[in-house]
Amino acid sequence: MPTLLLTGFEPFHTHPVNPSAQAAEALDGLAVGGTRVRSALLPVEPHAAARALGTLLDTHQPDGVLLTGLAAGRPQVTLERVALNVMDFVIPDNAGQVYRDQPAHADASAPAAYLSTLPLRAILEAWRGAGIPGDISNTAGLYVCNFVMYHALHRLASAGRAGVPCGFLHVPANAEVALAVPEDRPALPYLPQEEITRAVRVAAETVARHL
């Protein structure tokens with residue numbers, strides 16, 4: 001049976017949970033369109049995340065890769081169009097490190113950017129059909145989400161597997177993340193966790209249909 005690798009991230013910064021992790025855990029082992037979902041959580045530290053991601057890609061040899069993470073402040077689910085070969089952190093990672101104007105990949109011959117190979121428009125149409133607002137984003141930021149998207153696409157391309165659908169989906173805050181915002185800070189838009197998980201599932205089902 002074909003395999004879809006689905007990743008989420010551990011909690012980070014001041015967020016008590018990470019809704020991408022909760023969605024990934026809920027969907028682990030699910031069969032969608034004749035494809036088996038294999039979920040894993042990545043650390044919010046670039047070098048540890050790269051090692052974990054490399055092991056997952058080598059172990060599962062997935063037929064599709066759907067990476068997910070939290071974009072607190074966005075009002076809806078968003079698909080990322082591009083990953084840049086840049087790290088420029090505004091907040092520390094979970095190891096307490098901040099990277100400024102650093103390459104995401106040490107290889108000088110690594111390209112400046114990779115475009116997502118997910119069926120972006122098909123996922124948008126599937127979301128709309130399921131009553132889920134969503135959009136395509138032209139920036140994944142320059143934090144660990146962008147980093148893992150870049151590394152996944154680069155590793156697949158370097159292994160001669162550039163045709164494997166691979167890309168990143170950002171989810172908004174859930175209620176628990178929104179409730180943790182201090183009263184003196186602007187309120188966060190949020191979706192119920194069940195709706196976030198449903199959006200990730202619809203995206204996974206769409207990717208499975210395109211394998």
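**An aromatic cluster and its surroundings**

Phe 89 and Tyr 99 are both buried, buried here meaning under 20% relative accessible area, with exposed set at over 50% and partly exposed in between (1.4 Å probe, protein chains only). The model is a predicted one, so local features need pLDDT of at least 70 and side-chain atom pairs count only at pLDDT 80 or more, while totals for chains, interfaces and linings use all residues. Residues are numbered from 1 along each chain as its sequence is written, and side-chain values use heavy atoms, with hydrogens and water left out.

Now for the rings themselves. A pair of aromatic rings is described by the distance of the centres and the angle of the planes. Rings of Phe, Tyr and Trp (its six-membered ring) pair if their centres lie within 6.5 Å; planes under 30 degrees apart are stacked, over 60 edge-to-face, and the rest tilted. By this rule there are four aromatic pairs. One of them joins Phe 89 and Tyr 99, edge-to-face at 5.3 Å centre to centre with 80° between the planes. Phe 89 and Tyr 99 both sit in the loop between β6 (82-84) and β7 (113-115), ten residues apart. Helices (H or I, at least four residues) and strands (E, at least two) are DSSP runs, numbered from the N terminus.

Phe 89 has another partner in Tyr 143: the ring centres are 4.7 Å apart and the planes stand at 70°, so this pair is edge-to-face too. Here Phe 89 is in the loop between β6 and β7 and Tyr 143 in the loop between β8 (134-137) and α4 (144-158), so the pair ties together parts that are 54 residues apart in sequence. Phe 89 and Tyr 143 are both buried. Put together, Phe 12, Phe 89, Tyr 99 and Tyr 143 make up one aromatic cluster.

Contact means heavy atoms within 4.5 Å. Setting aside neighbours within four places in sequence, Pro 46 is in contact with Phe 89 and Tyr 99, and also with Met 87, Asp 93, Val 144 and Phe 147. Pro 46 and Tyr 99 are 53 residues apart along the chain, yet their C-alpha atoms are separated by 9.8 Å.

Apart from neighbours within four places in sequence, Thr 7 is in contact with Ala 24, Ala 40, Leu 42, Leu 56, Leu 66, Leu 67 and Thr 68. Thr 3 is also found in β1, and it counts as buried at 13% relative accessibility. With residues up to four places away left out, Thr 3 touches Thr 35, Arg 36, Arg 38, Pro 62, Asp 63 and Gly 64. For Thr 3 and Thr 35, a sequence separation of 32 residues goes with a C-alpha to C-alpha distance of 5.5 Å.

Backbone angles come next. Most residues other than glycine have a negative phi. Gln 61, however, has a positive phi near 45°. Gln 61 is in the loop between α2 and β4 (64-70) and is partly exposed, with a relative accessible area of 42%. Asp 101 likewise has a positive phi, near 55°. This aspartate is placed in the loop between β6 and β7 and counts as exposed at 64% relative accessibility.

As for the chain overall, it holds six helices and nine strands. Its radius of gyration, taken over C-alpha atoms, is 16 Å, close to the 17 Å that the globule rule (2.2 Å times the number of residues to the power 0.38) gives for 211 residues, so the chain is as compact as a globular protein of that length. Along the principal axes, the C-alpha atoms fill a box of roughly 50 × 40 × 25 Å. Of the 211 residues, 51% count as buried. Among contacts with a separation of 6 or more, 78% come from residues 24 or more positions apart. The chain exposes about 9,400 Å² (Shrake-Rupley method, 1.4 Å probe), and carbon and sulfur atoms supply 53% of that area.
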